[in-house]
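Dear colleague,

Here is the structure that I promised to hand over, and my notes on what was found follow below it.

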Amino acid sequence: MTLQFQKLPAPVTVQGAERHIGVEVEFADLTEEQAAKVLVETLGGSAECTVDNDWLVRGSEIGDIQVYLDTVYRTAEKSVLRDVGLKLGREVIPVELVTDPLAFDQLPVLDRALNALRDAGAKGSGDGWYYGFGVHLNIEVEGHSPADVLRPLLAYALIEDWMRVALPIDPSRTVLPWTDPYPTALVEELILLGVEPSAKSLVETYTRHCADRNRGLDMLPVMKALWPTELEEAIGADKVSEINGRPTYHFRLPDSRLDEESWSLADEWDRWLLVEQIASRPQIVEELADAWLDSHGMITLSRQPWAERCGDILADYGLARGAG
């Protein structure tokens with residue numbers, strides 16, 4: 001099912017160029033080769049095996065698409081242990097497709113291809129309790145200043161508890177560590193940073209609480225791309241070397257629900273759209289921030305009260321809605 005995609009409030013960068021979106025989708029029950037051939041049948045281009053079981057679709061309607069098994073064994077030195085790991089891993093490790101950066105009007109084209117993968121037998125999170133598959137959206141930042149980057153980050157941090165209740169991810173993903181929620185201490189410190197932080201203060205604040213990648217919104221790629229020196233000072237050169245820096249918000253929270261006929265990539269896009277709709281309206285951010293500080297004392301025993309209060313505020317602005 002392909003739904004209508006809505007444009008971001010700021011569809012272009014501060015330099016006036018269209019913002020692009022990279023998309024990663026995890027699924028099971030199709031091999032890399034099978035998935036690549038379905039993509040070619042749907043989007044054109046040609047498919048080739050580049051190394052071992054990695055496949056590349058070249059020259060499709062939306063550019064090149066990588067298809068591979070999402071495991072560390074994939075890039076390990078070839079050995080009997082590696083091959084055994086790959087074989088066993090296929091039971092629980094997803095195949096992943098990774099697009100080139102896409103223009104906004106290419107998102108419905110990708111959605112059509114995802115429908116074709118589902119029709120060919122691809123399965124998402126809902127088909128197995130141990131799957132826990134996601135969609136990762138890499139949304140190009142509007143601007144490169146700390147203030148530009150902070151606005152959507154703070155908006156997400158303020159509404160995350162509500163979003164996880166109102167737009168819940170599949171239960172199979174909540175028990176895994178890859179999309180952990182932000183600590184409440186981070187949210188408070190982001191609020192207190194003010195609207196014009198330095199790169200150093202923003203990086204230090206974030207990494208003090210989130211030095212790994214396993215968050216619903218992973219900010220380490222954009223920090224490496226824009227402020228590599230500050231990031232190295234905060235978490236060390238070794239950790240930074242493992243990060244693929246790019247000037248994008250790496251939004252890991254969305255689900256891959258390819259097994260559901262009513263599901264569309266637009267459902268997951270709407271999660272991020274809401275973040276930027278809030279970020280683009282300072283009055284809402286200020287009201288949410290004031291209410292968040294008022295709702296949190298020295299110790300936070302439950303996130304539920306804030307999720308409810310946040311939902312009430314968003315409803316007042318016509319922004320509270322359920323998934324799908």
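The lining of the second largest pocket has, by class, eleven nonpolar, one polar and three charged residues, where Ala, Val, Leu, Ile, Met, Phe, Trp, Tyr, Cys and Pro count as nonpolar, Asp, Glu, Lys and Arg as charged, and the others, Gly among them, as polar. Please keep in mind that this is a predicted model, in which local features need pLDDT of at least 70 and side-chain atom pairs count only at pLDDT 80 or more, while totals for chains, interfaces and linings use all residues. Residues are numbered from 1 along each chain as its sequence is written, and side-chain values use heavy atoms, with hydrogens and water left out.

To stay with that pocket, its volume is about 320 Å³, and of the 15 residues that line it, Leu154, Val195, Pro282, Val285 and Glu286 are the closest to its centre. A pocket here is an open set of points on a 1 Å grid over the protein atoms alone, where a 1.4 Å probe fits, with protein on both sides within 12 Å along at least five of seven lines, and lining residues have an atom within 4 Å of a point; points are joined across faces, edges and corners, and the volume is the space filled by probe spheres set on them. The helices α4 (146-166), α6 (184-192) and α12 (282-295) each supply at least two residues of this lining, and α12 gives the most, with six residues. Helices (H or I, at least four residues) and strands (E, at least two) are DSSP runs, numbered from the N terminus.

Turning to the strands, eight of them form an open sheet in the order β2-β3-β4-β5-β1-β6-β8-β7, with antiparallel pairing, where two strands pair if DSSP finds at least two bridges between them. Its edge strands, each pairing on one side only, are β2 (46-51) and β7 (217-218).

Next come two helices. The axes of α3 (residues 107-119) and α11 (residues 265-279) come within 9 Å and cross at roughly 135°; axes are lines fitted to C-alpha atoms, for helices over the stretch in contact, and angles run from 0 to 180 degrees between N-to-C directions. The two helices are therefore oblique to each other, since angles under 35 degrees count as roughly parallel, over 145 as roughly antiparallel, 65 to 115 as roughly perpendicular and the rest as oblique. In contact (heavy atoms within 4.5 Å) are Leu107, Leu110, Asp111 and Leu114 of α3 with Leu265, Ala266 and Trp269 of α11.

With best wishes
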